[in-house]
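I opened the model to take some notes on the whole chain and then on one residue. The entries follow in the order I made them.

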Amino acid sequence: MTAIEYDVVVIGAGPVGENVADRVVRGGLTAAIVERELVGGECSYWACMPTKALLRSASALRAARQLPGAREAVTGELDAAAVLARRDSFASHWQDDGQVSWLESAGIALHRGHGRISSARVVEVTGVDGVTTTLTARHAVVVATGSSALVPDIPGLRAAAPWSSREAASARSVPRRLAIIGGGVVAAEMATAFAALGSAVTMLVRDGVLPSAEPFAGERVTASLREAGVSVRLGAEAASVRRDDDGTVRIETTSGEEIEADEVLVAVGRTPNTQDIGLDRIGLAPGAWLAVDDTLRVVGGGEWLYAAGDVNRRVLLTHQGKYQARAVGDVIVARATGATVEDGPWGRHVATADERAVPQVVFTDPEVASVGLTAAAAEAAGLRIRVVDYDLGAVAGSALHADGYQGHARMVVDEDRKVIVGLTLVGPDVAELIHAATIAIVGEVPLDRLWHAVPAYPTVSEVWLRLLEAYGR
């Protein structure tokens, strides 16, 4: 058994773990990172990058078909094989050489194997050869192991070998018939992608499409999915699943209907990757989400244990996990060197935006881009709000962007402070508009000052002016 000491040990080499280690090293400490799969994590190989690559080609084709002149130049259909090949390149063909090279260039030590906490500040790494290496952290251990797809206890489901988001993102071929259980972001995006690639898609949606978004977003995406040929069964719930000897998947719903498919994708939520990382050795529950304080220290885990990314359940989005990682890395350095810890709201060492200004884009057709609170969430938080809606298709820039442009914008205003606390945009290519709203919410820019932020004409961003005019001066 080999024993090595570092200032910080990070379990998990996804984007979150990589960013924690990088900040620690930039702060003058030493860091090791432990990974049992591919360096780069879920986002690089089975989520953000490959899934958006699956969606982008169809999006570009739809955009061309909405413009006279470009429409006439489109002479063929989507090439599914070419889309899958491009997806493969964005997933680095499921090889992590480039990510490993980056770790080396950043001065971060990599230990491949399964990492388990054995005691305070000690992580044991078991390699594929069975050899165990003991890593001792002088200052901190950071859990950044992420999450996995939740498979519900539906009779027969596990035996039917369902797809999770991983299998959908890395599919080698396009199934003729795809059933999807769920209506959230993964379900909606994969329904969009595989319908465009040629699958006959059926969605079993118990709680509605995009149930956490503003209601109009889910309604518009549902309508668009149906126009694309997707069978969206609202209120439908799987009662049992089986796969026949010929590979056919049969899903019986609670209403007695039977749905046949070649593959079934389960997209109903996530579960933390904490089952076998040694939490029981330090008095915490294996398989549980890790509650953290404002500086992302694990509650009940001692002053040396931190958790960043999906595993703490604050926000299950890669960009927010990386945001947390920067705060974690910096606060560990601050505490190790005796520097001042800035842990007040919006301080350097906290992740305040997790609660107040989380941006998200759903890459469906139409896209849904949002940040901050929905109207319902703002009311539930006890805020006195005013909701301002505007037809995004009525903006001059939208009409130029695409013939027949359809979209909608909603601004949620805290009436007591006269600042925006939430904004949702639905429409073609709205993803690139959301950062302006993020800045306005994080900066708590008063509406009176926003009148002086003049949008360029003719752009879709003119919707900002229209929303302010609808609100009134």
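Entry 1, burial. I am working from a predicted model. I looked up how much of the protein chain is buried: 50% of its 473 residues count as such.

I then computed the accessible surface of the protein chain, which comes to about 20,600 Å². Carbon and sulfur atoms account for 50% of that surface.

I counted 16 helices and 21 strands in the protein chain. Next I checked the radius of gyration, which is 24 Å. The globule rule gives 23 Å for 473 residues, and the two values are close, so the chain is as compact as a globular protein of that length. Along the principal axes, the C-alpha atoms fill a box of roughly 65 × 65 × 45 Å.

I took the contacts between residues at least 6 apart in sequence. Of these, 62% join residues at least 24 apart.

I noted 44 positive and 59 negative charges in the protein chain. Their mean positions lie 2 Å apart.

I picked Asp88 and asked where it sits. Asp88 belongs to helix H5, which spans residues 80-90. Is Asp88 buried or exposed? Its relative accessibility is 9%, and the cut-off for buried is under 20%, so Asp88 counts as buried.

Terms used:
Residues are numbered from 1 along each chain as its sequence is written. This is a predicted model: local features need pLDDT of at least 70, side-chain atom pairs count only at pLDDT 80 or more; totals for chains, interfaces and linings use all residues. Side-chain values use heavy atoms; hydrogens and water are left out. Helices (H or I, at least four residues) and strands (E, at least two) are DSSP runs, numbered from the N terminus. The radius of gyration is taken over C-alpha atoms; the globule rule is 2.2 Å times the number of residues to the power 0.38. Buried means under 20% relative accessible area, exposed over 50%, partly exposed in between (1.4 Å probe, protein chains only). Contact means heavy atoms within 4.5 Å. Accessible areas come from the Shrake-Rupley method with a 1.4 Å probe; for residues, only the protein chains shown count as cover. Lys and Arg count as positive and Asp and Glu as negative; His and the chain ends are not counted. The place of a charge is taken as NZ of Lys, CZ of Arg, CG of Asp or CD of Glu.
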